[in-house]
Amino acid sequence: MLVAQNEEGKFLSLSSLNLQKEELLELRQRKKFFCPVCYEEVIIKLGTKQAWHFAHKRKLSCIDEMEGETTYHIEGKKLLFNWLKNQELDVELEPYLKEVKQRPDLLVRTSKSLL
């Protein structure tokens, strides 16, 4: 997952931080982050084989448990998110939708009614 909540309840997106690895390592040491779905603690993964992301600290059965996304998929999601933002659209990255118990990659809200 690219989005987690900090201890103050604010959402933090790894795709919009634009921090270097050293800065993220320091942030990982100083702060705690939580899954926006199950509220269990997550950690920032900064490996070399996968895209940087948040992952549950311990194995559990979160409804948001995702299959491993490829680096290609994550990078595409970040590019599309940033492009939509630049188009001045109301877009969210990985929001949890309680009504359907799902978390889409992106959610774009428009003012047009679907009637």
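Q: In which sense do strands β1 and β2 pair, and over how many bridges?
A: This is a predicted model, where local features need pLDDT of at least 70, side-chain atom pairs count only at pLDDT 80 or more, and totals for chains, interfaces and linings use all residues. Residues are numbered from 1 along each chain as its sequence is written, and side-chain values use heavy atoms, with hydrogens and water left out. Strands here are DSSP runs of E with at least two residues, numbered from the N terminus, and two of them pair if DSSP finds at least two bridges between them. β1 covers residues 3-6 and β2 residues 11-13, and their pairing is antiparallel over 3 bridges.

Q: Which residue in β2 is the bridge partner of A4, and what phi does G9 have in the turn?
A: A4 has L12 as its bridge partner in β2. The two strands make a hairpin with 4 residues between them. G9 sits in that turn, and its phi is positive, about 85°.

Q: Which residue in β3 does N6 stand opposite?
A: β1 also joins β3 (residues 33-34), antiparallel, through 2 bridges. Within β3, the residue opposite N6 is F33.

Q: In what order do the elements of the protein run from the N terminus on?
A: The protein has 3 helices (DSSP runs of H or I, at least four residues) and 7 strands. From the N terminus on, the order is β-β-α-α-β-β-β-α-β-β.

Q: What percentage of the 115 residues count as buried?
A: Buried means under 20% relative accessible area, with a 1.4 Å probe and protein chains only. Of the 115 residues, the buried share is 33%.

How values were computed
Buried < 20%, exposed > 50% of the residue type's maximum accessible area, 1.4 Å probe, protein only.
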